[in-house]
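Thanks for coming, everyone. I'd like to walk you through a model and what can be read off its coordinates, so let's get it up on the screen.

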Amino acid sequence: MLLIPCPNCGPRDETEFHYGGQAHVPYPKDPAALNDREWAELLFYRDNPKGAFAERWVHSTGCRQWFNMLRDTVSYDIQAVYPTGAPRPDSATTTSASPEGAVQ
Amino acid sequence: MSTQQLPEHPDFLWRNPEPKSSYDAVIVGGGGHGLATAYFLAKNHGMTNIAVLEKGWLAGGNMARNTTIIRSNYLWDESAAIYEHSLKLWEILPEELEYDFLFSQRGVMNLAHTLGDVRESMRRVGANKLNGVDAEWLDPEQVKELCPILNISDNIRYPVMGATYQPRAGIAKHDHVAWAFARKCDELGVDIIQNCEVTGFLKDGNRVVGVKTNRGTINTEKVGLCAAGHSSVLAEMAGFRLPIQSHPLQALVSELHEPVHPTVVMSNHVHVYVSQAHKGELVMGAGVDSYNGYGQRGSFHVIEQQMAAAVELFPIFARAHVLRTWGGIVDTTLDASPIVGTTPVENMFVNCGWGTGGFKGTPAAGLTFAHTIATGAPHKLNKPFALERFETGALIDEHGAAAVAH
Ligand SMILES: Cc1cc2nc3c(=O)[nH]c(=O)nc-3n(C[C@H](O)[C@H](O)[C@H](O)COP(=O)(O)OP(=O)(O)OC[C@H]3O[C@@H](n4cnc5c(N)ncnc54)[C@H](O)[C@@H]3O)c2cc1C
Ligand SMILES: [Zn+2]
């Protein structure tokens, strides 16, 4: 369970939030000008980094506001929380060590 | 069901060779799919000067972490074709590989709990029948008859309103499957190289000509990616993107029990899937964590939800204990169907996107992917699963058949 620092409500359990996937995916300025490849990129292609990832979350059972979060997808450390529309803050570290879970 | 004996193993099932300086093809990832691909490359296409590179130990990824459910009752023609072919291969592989990995066709039940579920399920049974996939619709009494420990009373939150049933579906011993493929690969001359992490690719223009690893550079004519949850990471190294998101997916087992659960039960709606392993553990799968993650572990609340569902459906499980929980990293696509085919990089091929349900696909993935690597062209079964479908819009939406992580 992640403890997510909502910018409006403070630290709350992950179960109060919903995930919105990658942040900073702008709607195209001129949608009609996109070709099939560009539409595919917009609809289906998202970054999937092992390390720092800027993503969207909404505090569904709290203030119901969307915000952005910088989180490490290996350690799950939350590195920054910032408003939608603000630029991605520089991430300090990118982890690559992958802890091994139990194996059955 | 009986608690069967597992076969005795010799000390070594495969060699541990040093990597050669060059191969005709290199498979990245020594899970089920990488091993099956290497096996069919050697067996069907005579490509024996090949290597499987595995960064950890053989089949220590999702292959060691899945709940081993095998079935083919998918909705669309394209999926029914490839998954049913896979199921037919499962039926002959123990003999072909000369290895009894305890493929147990004890049937799989997919429960319906809402009117929407019922309609969707009946539609799927119809579609399955038209595609030659064995499928039946069961009413709650028939469900109870097949699995007496299931609670079909209507005083639970989501009563069982019926189920689809595929009698030929079942489970197998996952690590034995991997070892069976590995042993045959080795016999055919394939080098299986463990502790060998691919860290980059050598390219000549847009053509891949080698792989960089922590054990040196290896030249190769062709590269096949079978890295499951790490597919995006490898694609990025090679300079292209995949429409994949990696998520943690968890499962767990109880302590050993007397045989109580004769089949496999899955529920999309309350979200749990349960079987009883040959040794006697209750094996239960959870849902994916919502966020992207490479940590091979997930959140506890996901397990809590899964347990609540399990105990409501199977009241006798209330006294069982959780013995072990673990997670794998699954490579999900937006249409819940895999990607098997060519990539924007010449001579590089990709098999990924099997997400929460690729164990069952292992034989067909291996067969079709080997065909694609050897000939440079798709096999008729994997043709619809090419990367291009995200551009053409010819998606194969299997969320109904695959929504429960399985
Ligand atoms: C909890 C859980 C339950 C599941 N239950 C089911 C089920 O009941 N039925 C079903 O059909 N499917 C199920 N699945 C899905 C199934 O396990 C996967 O779809 C399937 O195992 C993926 O193929 P694989 O075996 O080749 O993957 P893996 O075994 O994950 O193989 C990929 C390999 O690539 C290696 N690798 C990654 N990066 C590199 C690199 N840079 N260099 C070298 N090697 C690398 C990894 O170490 C790994 O060994 C489940 C998955 C999980 C996690
Ligand atoms: Zn809030």
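Predicted model: local features only at pLDDT ≥ 70, side-chain atom pairs only at ≥ 80, totals over all residues.

**The core of chain B**

The largest nonpolar core here has 54 residues, and Leu97(B), Phe101(B), Val177(B) and Phe181(B) have the most contacts inside it. By nonpolar core I mean a set of buried Ala, Val, Leu, Ile, Met, Phe, Trp, Tyr and Cys residues joined through side-chain atoms within 4.5 Å. Buried is under 20% relative accessible area, exposed is over 50%, and partly exposed is in between, with a 1.4 Å probe and protein chains only.

H1(B) gives the largest share, 7 residues. Those helices (H or I, at least four residues) and strands (E, at least two) are DSSP runs, numbered from the N terminus.

Residues are numbered from 1 along each chain as its sequence is written, chains are lettered from A and ligands numbered from 1 in the order in which they are written, and side-chain values use heavy atoms, with hydrogens and water left out.

Now zoom in on Phe181(B). Leaving aside neighbours within four places in sequence, Phe181(B) is in contact with Leu35(B), Ala36(B), Tyr39(B), Phe40(B), Leu93(B), Leu97(B) and Thr362(B). Contact just means heavy atoms within 4.5 Å. Apart from this core lies another one, of 31 residues, including Phe44(A), Tyr23(B), Val28(B) and Val223(B).

**A strand on the inside**

Next, strand E18 of chain B, residues 348-352. Why call E18(B) largely enclosed by the rest of the structure? Because 5 of its 5 residues are buried. In a regular strand, side chains alternate between the two faces of the sheet. Both faces of E18(B) are covered, with Met348(B), Val350(B) and Cys352(B) buried on one side and Phe349(B) and Asn351(B) buried on the other.

And the partners? Two strands pair if DSSP finds at least two bridges between them. Strand E11 of chain B (residues 216-225) pairs with E18(B) in the parallel sense over 3 bridges, and Gly224(B) has Phe349(B) as its bridge partner. Strand E17 of chain B (residues 339-342) pairs with E18(B) in the antiparallel sense, over 4 bridges. There, Ile339(B) is bridged to Cys352(B). The E17(B)-E18(B) hairpin has 5 residues between the strands, and Asn347(B) takes a positive phi near 65°.

**Rings**

On to the aromatics. Rings of Phe, Tyr and Trp (its six-membered ring) pair if their centres lie within 6.5 Å; planes under 30 degrees apart count as stacked, over 60 as edge-to-face and the rest as tilted. That rule gives 13 aromatic pairs over all chains. One of them is Tyr39(B) with Phe40(B), edge-to-face at 5.0 Å centre to centre and 70° between the planes. Tyr39(B) is buried at 3% relative accessible area, and Phe40(B) is buried at 2%.

Then there's Tyr83(B) and Trp354(B), with ring centres 5.8 Å apart and planes at 90°, so that pair is edge-to-face. This pair links distant parts of the chain: Tyr83(B) is in helix H2 of chain B and Trp354(B) in the loop between E18 and H8, 271 residues apart. Tyr83(B) counts as buried at 4% relative accessibility, as does Trp354(B) at 7%.

Arg297(B) lies over the face of Tyr76(A), 4.4 Å from the ring centre. For a charge to sit over a ring, NZ of Lys or CZ of Arg must be within 6 Å of the ring centre and within 35 degrees of the ring normal. The charged end of Arg37(A) also sits over a ring, that of Tyr45(A), 4.6 Å from its centre.

**Chain A, briefly**

Chain A has 1 helix and 6 strands, in the order β-β-β-α-β-β-β. Of its 104 residues, 35% count as buried. How confident is the predictor in chain A? The average pLDDT is 89, and 87% of the residues score at least 70; pLDDT is the predictor's confidence in each residue, from 0 to 100. Over residues 93-104 of chain A, though, pLDDT stays under 50.
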